[in-house]
Amino acid sequence: MVRPPLTPEERLRGEHLGHLLRQARGERSIVEVAAAASMSAETLRKIETGRIATPAFFTIAALADVLGVSLDQLATRSTPAPT
């Protein structure tokens, strides 16, 4: 199956999400947070840098749980304001 390319809005939303996750991670290492969320550090790095702009729901749910952030906060704050 071939995925359609992401829209500019989807890419921007992924970048915002990555920024929020980096902020929530604070001083904790990528390795520590990724291990606690049962994922590889490389996957978390890609999400935080926006290279994975549309991560799976359960991936974000695991990260939100480890970072102590609600899914509502991530959903609301990762959607950029219309320009």
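Colleague: Against which helices do the buried residues of H4 pack?

Modeller: In this predicted model, the buried residues of H4 are Ile-60, Leu-63, Ala-64, Val-66 and Leu-67. They pack against helix H1 (8-25), helix H2 (30-36), helix H3 (41-48) and helix H5 (71-77).

Colleague: Is Val-66 buried or exposed?

Modeller: Val-66 belongs to helix H4, residues 57-67. Beyond its neighbours within four places in sequence, Val-66 is in contact with Arg-28, Val-33, Ala-36 and Ala-37. Buried means a relative accessible area under 20%. The relative accessible area of Val-66 is 18%, so Val-66 is buried.

Colleague: Which residues of H1 are exposed on the other side from its buried residues?

Modeller: In H1, the buried residues are Gly-14, Leu-17, Gly-18, Leu-20, Leu-21 and Arg-25. They line one face of the helix, because they fall within an arc of 165° seen down the axis of H1. Their cover includes H2, H3, H4 and H5. On the other side of H1, the exposed residues are Pro-8 and Glu-9.

Colleague: Which residue just after H4 takes a positive phi?

Modeller: Helix H4 comprises residues 57-67. The residue just after H4, with a positive phi of about 70°, is Gly-68.

Note on methods
Residues numbered from 1 in each chain as written. Predicted model: local features only at pLDDT ≥ 70, side-chain atom pairs only at ≥ 80, totals over all residues. Heavy atoms only, no water. Helix = DSSP H or I, 4+ residues; strand = E, 2+ residues; numbered from the N terminus. Buried < 20%, exposed > 50% of the residue type's maximum accessible area, 1.4 Å probe, protein only. Contact = heavy atoms within 4.5 Å. Arc of directions from axis to C-beta.
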